[in-house]
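Hello,

Here is the structure I promised to pass on to you. Have a look at it first, and then read on for what turned up.

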Amino acid sequence: MSRAVAGIVIAGLAMALVLGYRVGFDATALVILVILVAVGAVAVVVARRSETGAAGPVTCRSCGGLLSPNAPYCKHCGDDVRT
């Protein structure tokens, strides 16, 4: 999935560069291009993290409830999930 996201980001940046070259770059166009690069970089990072499972929920060992990966205790049963 991260390859597909990277491909879409690269295609979008290429299209923005071609259009900017044809129309002419000004200060506004350069700011928009920088914003596009930043958003594209964030999209690629999020896609890579979602592939590794680092951004997904964890399951409580006691009750099986879904929790945030950074939760110190289970919000369903109160069990300590840090260990």
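The largest nonpolar core has 5 residues: Cys60, Leu67, Ala71, Cys74 and Val81. Such a core is a set of buried Ala, Val, Leu, Ile, Met, Phe, Trp, Tyr and Cys residues joined through side-chain atoms within 4.5 Å; buried means under 20% relative accessible area, exposed over 50%, and partly exposed in between (1.4 Å probe, protein chains only). Leaving aside residues up to four places away in sequence, Val81 touches Cys60, Arg61, Leu67, Ala71, Pro72, Tyr73 and Cys74, where contact means heavy atoms within 4.5 Å.

Please keep in mind that this is a predicted model, in which local features need pLDDT of at least 70, side-chain atom pairs count only at pLDDT 80 or more, and totals for chains, interfaces and linings use all residues. Residues are numbered from 1 along each chain as its sequence is written, and side-chain values use heavy atoms, with hydrogens and water left out.

As for the chain as a whole, it has 2 helices and 2 strands, in the order α-α-β-β from the N terminus. These are DSSP runs numbered from the N terminus: helices are H or I with at least four residues, strands E with at least two. Leu30 lies in helix 2 (residues 27-52) and is partly exposed, at 44% relative accessible area.

Of the 83 residues in the protein chain, 17% are buried. Along the principal axes, its C-alpha atoms fill a box of roughly 60 × 25 × 15 Å.

Enjoy exploring!
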